Amino acid sequence: MDFLRARTWAEALELKAERPEATPIQGGTDVMVEINLDRGRPAALLDLNTVGELAGWSREGEWIRVGAGVTYARLIDELGEVLPGLAQASRTVGSPQIRNRGTLAGNLGAASPAGDGHPPLLASGAVVEAESVRGVRLIPIARFYTGVKRNALAPDELIRAVRVPTAAGPQYFSKVGTRNAMVIAVCSFAIALHPENRRVGTGIGSAAPTPLRAVAAEAFLAGELDWTLGRAGGSALDPEVAARFAELVAGAAAPIDDVRGRAAYRSHALAVMARRTLGWAWHDYLRAGRGAR
Amino acid sequence: MRVNVTVNGRKTAADDVWEGESLLYVLRERLGLPGAKNACEQGECGSCTVYLDGTPVCACLVAAGQAEGREVVTVEGLASGDAQAAGEGGLHDVQRAFLAAGAVQCGFCTPGLIVQAHALVERAAGRVPDDAEIREALAGNLCRCTGYEKILDAVRLAAAQRATPTAPTPSP
């Protein structure tokens, strides 16, 4: 095994072009587990910890550009206001020690269907910024996941950043697990309301070969919600609409039975999380509307 | 490969390090610092918690090469670091609180818990954290003996001690 050190982003791209089989490593919270438990031995590790360009985030218009080296701890501390769904999901990642090292880009690189970062990225419509010596490629998040632990990156590409739209409406994340910490999701769900264009975003985790959107549920809900806040401050959520939304979310998943849970349980739990998160989000939407008048 | 790293304030180097090796292995097997414990090797148990550039991390998940040029503090460093200030055996306040509260049984998880509790007490800076905060801070450290209650006591004790400065200066 080789240990490749990149000091600059340009150097990292050169190294990845020369050694496309090299596994990039940031926090090591996935990569090192594979090596420690002898589940796989990469030909080379490409350490990106030392690439300063990756360590920050910036605001670019209506977007936040989260560098590939930004840890979950920093997402929680610094971006909770502008990216609430992602920050909520980040709080559920592993433990403090894991959140001090693990990164969103690492979640995307590993592309586990159970990764906590994926559902809020899908719900908010994030874009992955991939780069190689050949240039930059912007990959819409819904097209990024291509299979179980597989993603759309070319062998010579590295994730430079994740571009996430700043929240224009309420966002929620929910996750089922056996404990309140240190848990790989049995299944998870994220919702984002986009009042500016009266759209709904969703993301399902750990209930299909890849993280995915519940597209039919989004379209149904966007059409049913009474987005007008008016003088009365908007109308309460119709329980039948919520129930149908929950059903469509569960229907979008393709869960399996495995060590963490049964398929039938996952479908049930997804419906519950969809209904609950919608309730929380709509409550916030109405409250914000009343406050704004 | 050779890895140069500052451990507990001392610049040191480890040789013949395998490229896929963890920082934990380097500390324990190459630098003779067995304080951080090797248990799950997947970041689940927290018994290998050390400071890396001032941040608590699982040493088993840091590739040895990633520690190059960085500063590591292990549980051994907490004790010796405060040797002059501390009393018996040069133990740190957090360590003495664990002893006083009976928060140690088999002791395997203790070094990781001490480091993580130390980070919490330092961050609280004299405030005694509530139960939710302590539980959240220690969520990544597993103990199979104590049932955690006495560990929570130890953290509250250490935090309270930090809040009350020792030996107030007598007025002239």
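Buried residues account for 48% of the 172 residues in chain B. The model is predicted. Chain B contains six helices and five strands. Along the sequence, these elements follow the pattern β-β-α-β-β-β-α-α-α-α-α. The radius of gyration of chain B is 17 Å, close to the 16 Å given by the globule rule for 172 residues, so chain B is as compact as a globular protein of that length. Its C-alpha atoms fill a box of roughly 55 × 40 × 25 Å along the principal axes. Contacts in chain B also reach across the sequence. Among those between residues at least 6 apart, 61% join residues at least 24 apart.

In chain A, an unreviewed UniProt entry lists residues 1–169 as "domain: FAD-binding PCMH-type". This span of chain A is 30% helix and 27% strand. Its end C-alpha atoms lie 47 Å apart.

The largest nonpolar core has 142 residues. The residues with the most contacts inside this core are Val162(A), Val249(A), Leu270(A), Val50(B) and Ala59(B). Helix α10 of chain A, residues 263–292, supplies the largest share of the core, with eight residues. In soluble globular proteins, nonpolar side chains tend to be buried together.

Leu270(A) illustrates the packing. Neighbours within four places in sequence are left aside here.

Methods. Residues are numbered from 1 along each chain as its sequence is written. Chains are lettered from A and ligands numbered from 1 in the order in which they are written. This is a predicted model: local features need pLDDT of at least 70, side-chain atom pairs count only at pLDDT 80 or more; totals for chains, interfaces and linings use all residues. Helices (H or I, at least four residues) and strands (E, at least two) are DSSP runs, numbered from the N terminus. The radius of gyration is taken over C-alpha atoms; the globule rule is 2.2 Å times the number of residues to the power 0.38. A residue is buried if 20 or more other C-beta atoms lie within 10 Å of its own, exposed if 12 or fewer, and partly exposed in between; C-beta atoms are placed from the backbone. Two residues are in contact if their C-beta atoms, placed from the backbone, lie within 7 Å. UniProt positions are given in the numbering used here, feature names are shortened, and annotations may be inferred rather than shown by experiment. A nonpolar core is a set of buried Ala, Val, Leu, Ile, Met, Phe, Trp, Tyr and Cys residues joined through C-beta atoms within 7 Å.
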